[in-house]
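Student: Could we go through this model together? I would like to begin with one loop and then look at other parts of the chain.

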Amino acid sequence: MPEDIITSLIVVLATASTKDVENEGKIIAFGSGANLNTVRTLAAEKLGISSSVPLEDIILRAPSGRILEGINDIRDQQVIHVDLQEHIKEVIPGPQKLPFVGSLYSLMPDQTEGWLRMFRTYGPLVNMNLLGTEVISTWDPKIAEVFCKESEYFTKKVNLGLKEVKLFAGQGLFTTDTSDDDWKLAHKLLMPAFSPRAIKAYLHEMGVIAIETIKTLEQYKPDQRVEILDWTTKLTFETIGRTGFGYHFHLLGDINHTKPHPFIEAMGYCLRRTLIRSQQAEFYKRLPTEPNRHFEKSIKLMSGIVDDVIAERKKSPEATDKNKDLLGFMLNARDEHGLGLSDENIRYQVLTFLIAGHDTTANTLAWCLYELSRHPEIEQAMLQEIANVGITHTEIPTIEQIGQLKYMHQVIKETLRKYPPVRSLTKYCSKDCIVYGGYRVPENTVCQVSTYSMHHNPDVYTNPEVFDPERFTPEEEQKRSRFAWLPFSTGPRSCIGMAFALQEAKVVLSMFLHRFKFCYEGPDIGFNSTVATTKPEELFMTIHPRVDFPKPTKDGFTPPVPSSPKKTANVPNTESMAKHIASQKGESASKLPNATFLFGTQTGTSQDYAAQLASQARAFGFKNVKLLDMDDWEILQTGKYEPKKSEPDDLLVVVTATYNGQPPDHAEKFSKFITAKTEQPGNEKIMDKLNYAVFGVGNKNWRTYQAFPRKVSNGLSDLGANQFFPTGEGDVDQDADASFNEWSAHFWMQTLSYYGVSLPEDQSMVPTASVSVTVEKEPIHVNFISPNDQAKWKAGQSNRNGDYNAHILANRELQQPGSGRSTRHIELDISKLTPLCENGQLYTAGDHLEVFPENDSKTVQAVALNFGWVLDSVFEVDPESLKDVSPRSLAACIKGPCTVENALKYYADLTSPPSRVMLSIFAEQLSKASPETADTFRKLIMPDSAEYPEFIEKNRTLLELQKHYPQVNQLELGQFLSSIGVMQPRRYSIASSPLPYPDRAHLTVGVVHDVLKDGSEFYGLASSYLARTPAKNIHASLKSAKSTFYLPSDPSVPIIMIAAGTGLSPFRGFIQERAYLKEKENKDVGETVLFFGCRREDQDYIYSDELKDYVEKDVLTGLYVAFSRQGDPVKYVQHQLLANATEVFRLLDGSHGKKPASIYVCGAGTMSRDVRRTFCNMVKSFGTATTDEEADTYIQTLLDNGRYNEDVWG
């Protein structure tokens, strides 16, 4: 077969019926180099079969059921049915569901043990109903991998017990949906604060607090029983409080000071109540009971304390110190659009970090000390390692010493396996997906990884109840899926503070064990499964001075001798570098290539390194610099690299980690791309002339160290790219930072030398430690044009966001005097518009007309004057300054010269609520003139702000905002252009038929006019524009309804039309068309019935004379009007339907030998839902269905067959 032949065919799941192939089938295409696995992979991606299903388990069948054996056999098919060896299972097993409680009873009395029992009984995937919520849970790592990876199929949505935590953690990282803008912004801003280099900076304070705790515990006598969790909790609270927010809880120093801090009491109470509340009915949680009052009181107390901490910091001299601690970072960090966290959101993040930052580590430390007391051989091995490393309880350990505690790392991981702090991870299925075992998980389902159950699954961990750190040697870990251990989750939604918690645990354990021996004598310790986290209950230990600490072994750790300080050069400075480069003679500096820095990261290290390189590139003079996830590289879409003529070849730098040889989560598409392209013949040159370099991050203890970075490097080379610089390697088990710094210095030396750029003598090529992932965005640059440039001035005056191409011929009022409202009938000449139909016909009855509105001249003038702009001035946006600008902004949409007046009149969306970006600009402007008002604005900036809806009610437009805050009387045009959106065209149903009106379109436009309680008036943008335009040219375009709201192709088919208000528009076109066919073409036209609703016959019964005339001419065979404000029992269209149900059902059913009718509904969403319920009642009343479910199925069948059509809004 020739190489260039592409085969296309349809794949469909084997469970689909023959008639479902058209709807459920998906098209795949493959080339001559494809094999069976190629087709299996393509089919799996199209049909929602997850990667957890092995390719060899996917069976490809012909429509007859025959298994297709080879690629040539497959090429001969038009349709392939895809099955699995175990077949696709539509039903997921689970226990019986009872009314109200669902399956909750089957988990009692101990929910943790109950989940284990469910998996042992029903298998790796269990369907449960918890108080009305369907939950699909797993303990299998292969399914957990699919659930946990953020994808088009699975994501995180706050459900179950997290809803209760959200009541006090609010929009914090842990209790916010992945799709929520709050989470996206906070996650992006906070990642650098938890990068490996940032975590190292917290070590000193961790050691100080550990020493304070040791001195406190020394006050206990060896025979005193101590509740160890109490002290690990105090220690971790102090650690996160001081390192994160500079807040001292004053919990250490005196063992007799037993009164707990009120904040800790409140948080402990709330956490204890969350699981209990998640199992209660909603109404019970609103009752005025003491637990509910205590819960609410505790939330207020915690929020108040945190708000005070934030307010105190903002008033302090350290308010703008971004590097002081985590709070300083949150107060000052900004993204590329200048957005930061509001005070309210910072409160939620602080509460989240206090919850997660203390609870996880406190529980883990207590459980670990408990297990060490029961396993002296494990304790002895840990002590020997501590001795070899050289850690004592009197000196704060170094980061190198902590990095050497490999066996302790295994012990901590085993502790987290046996006692995971959070026993389940909740996810959400947003799209049907088939997972391992062939189970189809339906969309809109809550999914759960039962972490505790998976960690105790004997098929994953042999003898899971035995405490065995040897499970976590590098060799043993490689034998398991990396998704078999999930105490911190994984991927983008993993615990951002995992490295913080592990470092803190190592510091505390190494220093504690050097000073003390912790002893426990008593029965096995358990935990309360009704509490949200896994806390040891009644763990009382005795604390003894350590007398058996071993001496270092000969091959142990020797502390390094500090070397003499070396002279170091200064780090690159963007401003000085730019000046230096500009001063260089010749053109070498201007010929730097486009540079793209890709990162694949699991912990943030690779992202940190790539961000440093990108920042350096900008400082060295590279103009076009991109910093992207590996999966966001544009070449993955285009398929090949296209070098640009007369420009240097692009430079690509990839910094990536690997895990057990596999790519990080955000590099999977990149990995698949490399695999697919290298396997296909003929791709040896698709990356020709692309220069690349790779730096890999990994752990040398793993057999697969650097496997994926090498795959990337080799793959790019195999595809024709030029390896510009040798691949670098960073071993995180040693000093990866030093390796990276050395590699980057040599990389930049070669790069700058190659492109002829020299450095100042005092500049270094080693990246700084303070480089942030977030790069500040340059402002939009606006060039104002001189009136002497007549060509550009003329172009600016004629720039109107498109040409006028339609002309209003008639514009009259449809409502009668006294109605207090306005509906306009508008007729337009549309002969110049592009036809929608292949035969040249402009449109079809049921299609839409899009109108491009214009702002009122008075509004335009007021906005300009308030900001100090000259309306006649002509400007042009510098395209070089548009990087990272929203494509919906004016800056991105206005092309070429434009007057300020035209930008405001034809482009700017001045009537929509002010955007949060605009509010942030106002906040900045107000910060000096009115700081308190500025603070109010900053609280409004974040999405879902509680005050935002009320604020917008009072400031519905930009003009209102200007009126209420006249202090903002100057605004740079560039800021405005980047922060306000472009007007969107408004779409109207065409109220005419092309048969009698081939070159015209009629519109029925309800004019929006809102009057507030204070007398303020607001008009709809497009409707008021059309209302005030009696005879004028406008800009419009035709938009197809795409067969979703067209008349039956057979005009003899009866139709039932149901509308209210301006929903009559398309039906006016339908009626005109049927009248034309009946009267002009003498065609057999089916019965045409209209149900129409309005308020009063004498006010808003629009087109009444026309409709009555159609009745007289027998075009309308039925006209039923409902008036809602006349006191009639029949108030709405659904009432008219019920009043004439027998006739309606006769038409619908097609009895008396006539064709069954088609239904059309047009109007507001509320009306359409009422109409649908009425039809469901109707089919039950006439015996077609006996239950609500059968009635819904009947209507759904009508929808599927195109006999029930809706065009609704609102």
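This is a predicted model: local features need pLDDT of at least 70, side-chain atom pairs count only at pLDDT 80 or more; totals for chains, interfaces and linings use all residues.

Student: What is the phi of Asn463?

Tutor: Asn463 is not a glycine, and yet its phi is positive, at about 45°.

Student: Is Asn463 buried or exposed?

Tutor: Asn463 has a relative accessible area of 51%. The cut-off for exposed is over 50%, so Asn463 counts as exposed.

Student: Which other residue has a positive phi although it is not a glycine?

Tutor: His87 is one of them, with a phi of about 70°. His87 sits in the loop that runs between strand E4 (79-84) and helix H4 (111-122).

Student: How accessible is His87?

Tutor: The relative accessibility of His87 is 45%, so His87 counts as partly exposed.

Student: What box do the C-alpha atoms fill?

Tutor: Along the principal axes, the C-alpha atoms fill a box of roughly 110 × 80 × 75 Å.

Student: What percentage of the residues count as buried?

Tutor: Of the 1210 residues, 54% count as buried. The accessible surface of the chain comes to about 54800 Å², and carbon and sulfur atoms hold 50% of that surface.

Student: And what about contacts between residues at least 6 apart in sequence?

Tutor: Among those contacts, 74% join residues that are at least 24 apart.

Student: Now some helices. At what angle do H9 and H21 pack?

Tutor: Helix H9 (residues 203-217) and helix H21 (residues 498-515) pack at an angle of about 35°, and their axes are 10 Å apart. The crossing of H9 and H21 is right-handed.

Student: Which residues meet there?

Tutor: From H9, the residues are Leu203, Met206, Gly207, Ala210, Ile211, Thr213, Ile214 and Leu217. They meet Phe500, Gln503, Glu504, Val507, Met511, Phe512 and Arg515 in H21. The residues of this contact between H9 and H21 divide into 10 nonpolar, 3 polar and 2 charged.

Student: Which residues does Leu235 contact, leaving aside its neighbours within four places in sequence?

Tutor: Leu235 is in contact with Ile209, Ala210, Thr213, Leu365, Glu504, Val508 and Phe512, its neighbours within four places in sequence being left aside. Among the residues of the contact between H9 and H21 are Ala210, Thr213, Glu504 and Phe512.

Student: Where does Leu235 lie, and is Leu235 buried or exposed?

Tutor: Leu235 lies in helix H10. With a relative accessible area of 1%, Leu235 is buried. The C-alpha atoms of Leu235 and Leu252 are separated by 7.6 Å, and these residues are 17 residues apart along the chain.

Student: What about Asp230? Where is its place?

Tutor: Asp230 is also found in helix H10, which spans residues 228-245. Its relative accessible area is 35%, so Asp230 is partly exposed. Asp230 and Ala366 are 136 residues apart along the chain, while their C-alpha atoms are separated by 9.1 Å.

Student: And where is His544?

Tutor: His544 is in strand E14 (residues 540-545) and is partly exposed, with a relative accessible area of 23%. Not counting residues up to four places away in sequence, His544 touches Pro222, Arg515, Phe516, Lys517 and Cys519. A separation of 9.7 Å lies between the C-alpha atoms of His544 and Leu217, which are 327 residues apart along the chain.

Student: Which residues is Ala333 in contact with, leaving aside its neighbours within four places in sequence?

Tutor: Apart from those neighbours, Ala333 is in contact with Leu189, Lys322, Leu339 and Gly340.

Definitions and conventions
Residues are numbered from 1 along each chain as its sequence is written. Side-chain values use heavy atoms; hydrogens and water are left out. Axes are lines fitted to C-alpha atoms, for helices over the stretch in contact, and angles run from 0 to 180 degrees between N-to-C directions. Helices (H or I, at least four residues) and strands (E, at least two) are DSSP runs, numbered from the N terminus. A crossing is left-handed if the near helix is turned anticlockwise from the far one by less than a right angle, and right-handed if clockwise. Contact means heavy atoms within 4.5 Å. Ala, Val, Leu, Ile, Met, Phe, Trp, Tyr, Cys and Pro count as nonpolar, Asp, Glu, Lys and Arg as charged, and the others, Gly among them, as polar. Buried means under 20% relative accessible area, exposed over 50%, partly exposed in between (1.4 Å probe, protein chains only). Accessible areas come from the Shrake-Rupley method with a 1.4 Å probe; for residues, only the protein chains shown count as cover.
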